[in-house]
Amino acid sequence: MKRYLFRRLLQAVFVLWAAFTVSFVILYLLPGDAVSAKLGGGEAGLSVTPEQLAAAKAEYGLDDPLPLQYGKRLVAALQGDFGRSISTGDDATDMVVSALPPTLAVTGFALVLAILFGGGVAFAGTYTRHRWLGNVLLALPPLGISLPPFWVGLILIQFFSFQLRLVPALGSNGFASLILPAITLAIPTGAIIGQVLAKSLRTQLAEPYAEIVLAKGASRLRVHFGHLLRNAAVPTLTIAGVVAGNLIAGSVITETVFSRDGLGRVTSSAVTAQDIPVVQAVIVLAALVFVVINLLVDLVYPLLDPRIRHRETADA
């Protein structure tokens, strides 16, 4: 287990480094820069001399050679310092951290709904004896995956907010404002979980051990919960870890549609302004969330499937 954990930790560190490096390269390859946009084109009627522009770039370290900029930013990022926002002058790390709680509230609620929706559909679709009902239920996950989140959000606002007036359409005040954004995020996420779990349950149901347990008189409910679900949980847990990490990225669109405060709004503004320190802080944070979730998933694997422990021991 120590060897297994060490390898996963090395992979996590590599993912974080890759996220920082790739984002750095892409952001600096984009045409223009935030300093020029802020001083030269951001304010009407403002004229900036080349000397002033050069001084502003020097203030943010943008006049250094690219390898030197990368080295400085990487060392600072290892200490949790991503610099100051070019647009506002605020600390980039503080901006991202302060915007995180509203986003975590939405994504956490969405993940719970996604697991309930995806798991419920997959279980009911494979458990029912009515073929037509099973086919209808198992057709829901592909449908949910194909629906664009922004379109789902607008439909939910139109129906539940404007017509039924059950929940607020916009804003981030109270639990009621979480419901529609969370459902918008949960539909595609739960659809992916449901599709993978349904396929895994069907595969396990066709295995000889399932037929033997049923032949011994066990109920279908006991077979599904007591035997099939445990074996089907390993591939489902893998995809659940991936989509849970992606919820942070999905919040950018959702929070924009619902005009919520949070990481999505900060990201949208930073990308528009080419605010490199803030964008990098968001990307590394999203990668960190993804890495932590998947590391926890990797640690749960040996508990669900003892063969992983035996394989790691044999490799050692």
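Which residues of helix 12 (residues 263-273) are buried? In this predicted model, in which local features need pLDDT of at least 70, side-chain atom pairs count only at pLDDT 80 or more, and totals for chains, interfaces and linings use all residues, they are L263, G264, V266, T267 and A270. These residues cover an arc of only 160 degrees around the axis, which puts them on the same side of helix 12; the arc is that of the directions from the helix axis to the C-beta atoms. Buried here means under 20% relative accessible area, exposed means over 50%, and partly exposed lies in between, with a 1.4 Å probe and protein chains only. Residues are numbered from 1 along each chain as its sequence is written, and side-chain values use heavy atoms, with hydrogens and water left out.

**The chain as a whole**

The protein chain has 14 helices and zero strands, where helices (H or I, at least four residues) and strands (E, at least two) are DSSP runs numbered from the N terminus. Of the 316 residues in the protein chain, 39% are buried.

**Helix 5 and helix 9**

Two packed helices are described by the angle between their axes and the distance between the axes. For helix 5 (residues 92-127) and helix 9 (residues 176-205), the angle is about 35 degrees and the axes are 6 Å apart; axes are lines fitted to C-alpha atoms, for helices over the stretch in contact, and angles run from 0 to 180 degrees between N-to-C directions. The residues of this contact of helix 5 with helix 9 divide into 24 nonpolar, seven polar and one charged, with Ala, Val, Leu, Ile, Met, Phe, Trp, Tyr, Cys and Pro counted as nonpolar, Asp, Glu, Lys and Arg as charged, and the others, Gly among them, as polar.

A182 lies in helix 9 and counts as buried, at 0% relative accessibility. The C-alpha atoms of A182 and A110 are separated by 4.4 Å, although the two residues are 72 residues apart along the chain. G108, placed in helix 5, is partly exposed with a relative accessible area of 33%, and from C-alpha to C-alpha G108 and A186 are 9.8 Å apart in space while 78 residues apart in sequence.

At A186, helix 9 bends by about 35 degrees, and a proline, P188, follows within four residues; the bend at a residue is the angle between axes fitted to the seven residues ending there and the seven starting there. The end C-alpha atoms of helix 9 are 40 Å apart, which agrees with the 44 Å that its 30 residues should span at 1.5 Å a residue, the expected span being 1.5 Å times one less than the number of residues.

Most residues other than glycine have a negative phi.

| Residue | Phi | Place | Relative accessible area |
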